[in-house]
Amino acid sequence: MKFLPNFSIKKALGRTALFLCGLLIGAFLFMPWEIVWTTVFEKVDSKVSAVKLSWGTFSDAGPLSFMVNNFTVKTNKGLVISLPQAGLSFGLSPLVELTVDSGPRLSAKVFQAKTLTINGGVDLARVTSLDGLGGKVRITADVGFPDWGVPPRTGSIVLRSPQVEIPGGLIAEDIDVNAVLAGNQFQLNSFSCGPPIPVTAKGQANINWKRLPASTYNISGEAVFGSTTRQFNKSGSLSKYLKF
């Protein structure tokens, strides 16, 4: 009887493909992602001239997510934003999630429906470089985009804080801000703060999306100084306040 080996080219190719896939998956999972993300940050920093980036160590790094410590953005105009700990992750829903931990935790999520939601809080003293600015602020916001890569079309934001320290040694209590966005019209529905100088106000701004400092605003309200209440009305350009 003649011996016929039990050999199948189809099975051999299938097993070889599985073996190669296993090698690729293993290499993918055990790749030193801390080094990979460091390289990505270095590339971005070298390509962007308007800001200077710096960062510390990476942790919990993977192919679609990472945490980075002491991430700092410094603009050419001297504005410095420091994030004690920040994380970025990619997925399906949400598409992108950014988390910032500065004491309270802030989360920003981007969804396929072209919306951005923000929820959580920040410690102003830990994320900004302005001397005398401090306090923990709670933020709730949502923004809708007509398409990716263009300015937002709709949005709303609510800010609350029990106490904010203002440069110059002042402390404002019970901050409450409520505003909405429609196209290039930003409507400040209400602003209020408590002692030592209680203030209530409302206003609007005409946003220039191509050059934000050229945007104009008008705000009116009243402030209480002891037993005296004073009305105020201010208007002008945001170039006085936006120095980046």
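Guide: Begin with pairing. Two strands pair if DSSP finds at least two bridges between them. Keep in mind that this is a predicted model.

Visitor: Take the hairpin of β5 and β6. Which residue there takes a positive phi?

Guide: G103 does, with phi near 125°. The hairpin has 3 residues between its strands. β5 and β6 (residues 105-111) run antiparallel and are joined by 6 bridges.

Visitor: How many residues make up the hairpin between β4 and β5?

Guide: That hairpin joins the strands through 5 residues. β4 covers residues 80-90 and β5 covers residues 96-101. They pair in the antiparallel sense over 6 bridges. F90 has V96 in β5 as its bridge partner.

Visitor: What should I check in the loop between β4 and β5?

Guide: Check omega. P94 lies in that loop. The peptide bond from S93 to P94 is cis, with omega near 5°.

Visitor: Where does P196 lie, and what kind of peptide bond joins P195 to P196?

Guide: P196 lies in the loop between β11 (185-193) and β12 (199-206). The bond joining P195 and P196 is cis, and omega is about 10°.

Visitor: How many bridges join β7 to β8?

Guide: The count is 9. β7 spans residues 115-123, β8 spans residues 136-144, and the two run antiparallel. T115 stands opposite G144 in β8. β8 also pairs with β9 (residues 154-166), in the antiparallel sense over 7 bridges. There, D142 stands opposite S156 in β9.

Visitor: What is the general rule for side chains along a strand?

Guide: In a regular strand they alternate between the two faces of the sheet. Now a residue in a strand. T72 is in β3 (residues 65-75). T72 is buried, because its relative accessible area is 18% and the cut-off for buried is under 20%. The C-alpha atoms of T72 and G56 are separated by 9.2 Å, and the two residues are 16 apart along the chain.

Visitor: Back to backbone angles. What is the phi of K114, and where is its place?

Guide: Phi of K114 is positive, about 65°, although K114 is not a glycine. Its place is in the loop between β6 and β7. At 24% relative accessibility, K114 counts as partly exposed.

Visitor: What is phi of D174, and in which strand is D174 found?

Guide: Phi of D174 is near 55°, again a positive value in a residue other than glycine. D174 is found in β10 (residues 170-182). At 48% relative accessibility, D174 counts as partly exposed.

Visitor: Now helices. Why do residues three or four places apart point the same way?

Guide: An α-helix has 3.6 residues a turn, so such residues point the same way. Now look at α2. It has 15 residues. From first C-alpha to last, α2 reaches 21 Å, close to the 21 Å expected at 1.5 Å a residue. W33, W37, F41 and D45 are buried in α2. They cover an arc of only 115° around the axis, which puts them on the same side of α2.

Visitor: Which exposed residues does the face turned away from the buried side carry?

Guide: That face of α2 carries I35, K43, S46 and K47. There is also a nonpolar surface patch of about 190 Å², made by V40, V44 and V48. V48 is in the loop between α2 (33-47) and β1 (51-54). V48 is partly exposed, with a relative accessible area of 35%.

Visitor: How many salt bridges does the structure hold?

Guide: It holds 2. In one, D45 pairs with K52, and the closest N and O atoms are 3.1 Å apart. D45 counts as buried at 14% relative accessibility, whereas K52 counts as exposed at 53%.

Visitor: Which residues form a salt bridge with closest N and O atoms 3.3 Å apart?

Guide: R160 and D176 do. R160 lies in β9 and D176 in β10, so the pair ties together parts that are 16 residues apart in sequence. R160 is partly exposed at 47% relative accessibility. D176 is partly exposed at 25%.

Technical notes: Residues are numbered from 1 along each chain as its sequence is written. This is a predicted model: local features need pLDDT of at least 70, side-chain atom pairs count only at pLDDT 80 or more; totals for chains, interfaces and linings use all residues. Side-chain values use heavy atoms; hydrogens and water are left out. Patches are made of residues with over 30% relative accessible area and no salt bridge: like charges are joined within 9 Å, nonpolar side chains (Val, Leu, Ile, Met, Phe, Trp, Tyr) within 5 Å. Accessible areas come from the Shrake-Rupley method with a 1.4 Å probe; for residues, only the protein chains shown count as cover. A salt bridge is a side-chain nitrogen of Lys or Arg within 4 Å of a carboxyl oxygen of Asp or Glu. Helices (H or I, at least four residues) and strands (E, at least two) are DSSP runs, numbered from the N terminus. Buried means under 20% relative accessible area, exposed over 50%, partly exposed in between (1.4 Å probe, protein chains only). The expected span of a helix is 1.5 Å times one less than its number of residues. The arc is that of the directions from the helix axis to the C-beta atoms.
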